[in-house]
Amino acid sequence: MPELPEVETVRRGLAPAMEGAVIDLAQVNRPDLRWPFPEQFADRLTGRRVLRLGRRSKYLLAELDGDETLIVHLGMSGRMTVSGDPLGQFHHDHPMPEKHDHVVLNMGNGARITFNDPRRFGAMDLWPSAEVERHWLIRNLGPEPLGNAFSEGYFVERLKTRNTPMKAALLDQRVVAGLGNIYVCEVLHRAGIDPRRTARRVSDRRLAATVPIVRDVLSEAIEAGGSSLRDYRRADGELGYFQHVFRVYDREGHPCPREGCGGTVTRIVQSGRSTFWCPACQR
DNA sequence: GGTTGCTCCTGAATGC
DNA sequence: TGCATTCAGGAGCAAC
């Protein structure tokens, strides 16, 4: 699942092929993803130059000339890959559209950017660049977890009265923007917090201690993505998700990785989603 | 207003 | 073997 580290990894992979390049031809192969594409979508993309490829939470933001920004969300199964030969580093070309290739951007530098999303939970929109922070998908997002606004003081104040399980609180994009199911499980394990515990029943001290853990988990995952990106040239043109080694996620029945714990990773379901955690060391 | 559950979708995994 | 059912999950939204 693309969470913040995966989106950042994709951004770093796409940036060299997109920034400064012109979209010679945009191919839009269906009317919608999760929501309809904007009016005249292909026409409004074609001919635009990508000034900068940024990111807000799990959203990619391709700032175009003409004062519009392409907003992209990968949803659950969305991928954005580079093919073609923009910088002389890719060995294979993939000229034929494959199943679920919904949007293809043919760049003037020879790169082809393909958005493929089997489940179509992804989204794209075009929005005035100066107004992106007010876009309906962006405006309610909480602070960036790797930014200064996500402070210990902010987090404690935000959660100390909330009567919701810690799992749900960390998944709430209004609290902190970018965590998904996988990294919430990893954060709570590292923090030693029972995912079922109500936020307001977690001490201020433990809430505060969670903030640097969020930063660490995400930073390490981005770092791991970067290392897998370096292998990309040998990896047959696939620019997608790195394989991160998770300590608890999807490891039901394995021994708890915490040194000396001796517990067993357990799966429960919270608000319809799997939570992996260790009942022995998460309290 | 806070919280919970429903919903979109397809492919992989499971069940009979 | 093959068909039908279940499940996974991001996040907006309706319904308590």
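UniProt positions are given in the numbering used here, and its annotations may be inferred rather than shown by experiment. The model shown is predicted.

**Figure 1. Overview of chain A.** Chain A holds six helices and ten strands. The chain has 283 residues, and buried residues make up 37% of them. Among contacts between residues at least 6 apart in sequence, 68% join residues at least 24 apart.

**Figure 2. The surface near DNA strand C.** DNA strand C is surrounded by 14 residues. The closest are Met-1, Lys-58, Gly-180, Asn-181 and Ser-274. By type, the residues of this surface divide into six polar, four nonpolar and four charged. One of the closest residues, Lys-58, also carries the "active site" feature in the unreviewed UniProt entry.

**Figure 3. The annotated active site, seen at Glu-3.** The unreviewed UniProt entry places the feature "active site" at Pro-2, Glu-3, Lys-58 and Arg-273. Glu-3 sits in the segment before α1, the helix of residues 4–18. Glu-3 has 21 other C-beta atoms within 10 Å, so it counts as buried. The cut-off for a buried residue is 20 or more.

Figure 4. The unreviewed UniProt entry places the feature "domain: FPG-type" at residues 247–283. Over this stretch the chain is 0% helix and 27% strand. The end C-alpha atoms of the stretch are 17 Å apart. Strand β10 covers residues 273–277, and Arg-273 belongs to it. Arg-273 counts as partly exposed because it has 14 C-beta neighbours inside 10 Å. That class lies between the limits of 12 or fewer for exposed and 20 or more for buried.

**Figure 5. Glu-68 in strand β4.** Strand β4 runs over residues 68–73 and includes Glu-68. With 21 other C-beta atoms within 10 Å, Glu-68 is buried. Not counting residues up to four places away in sequence, Glu-68 touches Arg-44, Leu-126, Trp-127, Pro-128 and Ser-129. Trp-136 lies 68 residues from Glu-68 along the chain. The C-alpha atoms of Glu-68 and Trp-136 are separated by 15 Å.

Notes: Residues are numbered from 1 along each chain as its sequence is written. Chains are lettered from A and ligands numbered from 1 in the order in which they are written. This is a predicted model: local features need pLDDT of at least 70, side-chain atom pairs count only at pLDDT 80 or more; totals for chains, interfaces and linings use all residues. A residue is near a molecule or strand if its C-beta atom, placed from the backbone, lies within 6 Å of it. Ala, Val, Leu, Ile, Met, Phe, Trp, Tyr, Cys and Pro count as nonpolar, Asp, Glu, Lys and Arg as charged, and the others, Gly among them, as polar. Helices (H or I, at least four residues) and strands (E, at least two) are DSSP runs, numbered from the N terminus. Two residues are in contact if their C-beta atoms, placed from the backbone, lie within 7 Å.
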